[in-house]
Amino acid sequence: MSILNRKARFQYNFIEEYIAGIQLFGTEVKSIRQNKANITESFCQIKNGELYSINMYISEYKFGTTWNHLSRRERKLLLTKKELIKIEKKLKVPGLTIIPNKLFFSEKGYVKIQIFLAKGKKIYDKRKSIKNRDMIREIKESFKR
């Protein structure tokens, strides 16, 4: 089970991939297990030398009590110090950003997030990717006939 950011591949060119852990509350993990999360509007930002996921939506747990979590709070991403320094150096290049692509459970049962260092596509790049996708679809259809 995983939660995908389907718009990310269309809007960005992925440069480098990282897998990070997330600092979560128990009710957040239970909501993710029920597939009640959304990362399409989410992005990552470095604050005080630490990486945070901003605007990630995890709905409140239905059976949560007064200790339930906020649905759109900043969540700390857990990476090694070397990876954080490497990302911080690369983010100094204008036009680069960090985009979450996939939220999933590891083999040990921990919630992980796949993030990419990415550069935004221009309009003509998006048109080109649509054209390539259509050509591939037509080729597959011709082979089926």
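These legends describe close-up views of a predicted model. Residues are numbered from 1 along each chain as its sequence is written, and side-chain values use heavy atoms, without hydrogens or water. In this predicted model, local features need pLDDT of at least 70 and side-chain atom pairs count only at pLDDT 80 or more, while totals for chains, interfaces and linings use all residues.

**View 1. F14 stacks on F116.** The structure holds 1 aromatic pair (Phe, Tyr or six-membered Trp rings with centres within 6.5 Å). The ring centres of F14 and F116 are 4.1 Å apart and the planes meet at 10°, so the pair counts as stacked (planes under 30 degrees apart). F14 belongs to strand β2 (residues 12–22) and F116 to strand β9 (residues 111–120), so the pair ties together parts 102 residues apart in sequence. Strands here are DSSP runs of E, at least two residues long, numbered from the N terminus.

**View 2. Strand β2 pairs with β9 and with β7.** Strands pair if DSSP finds at least two bridges between them. β2 and β9 run antiparallel, joined by 9 bridges. G21 has K112 of β9 as its bridge partner. β2 also pairs with strand β7 (residues 75–78), antiparallel, over 2 bridges. Here I22 has L77 of β7 as its bridge partner.

**View 3. Charged ends sit over the rings of F105 and F104.** The criterion is NZ of Lys or CZ of Arg within 6 Å of the ring centre and within 35 degrees of the ring normal. R33 sits over F105, its charged end 4.2 Å from the ring centre. K102 sits over F104, with 5.5 Å from charged end to ring centre.

How values were computed: Phe/Tyr/Trp six-rings, centres within 6.5 Å; stacked < 30°, edge-to-face > 60°. Helix = DSSP H or I, 4+ residues; strand = E, 2+ residues; numbered from the N terminus.
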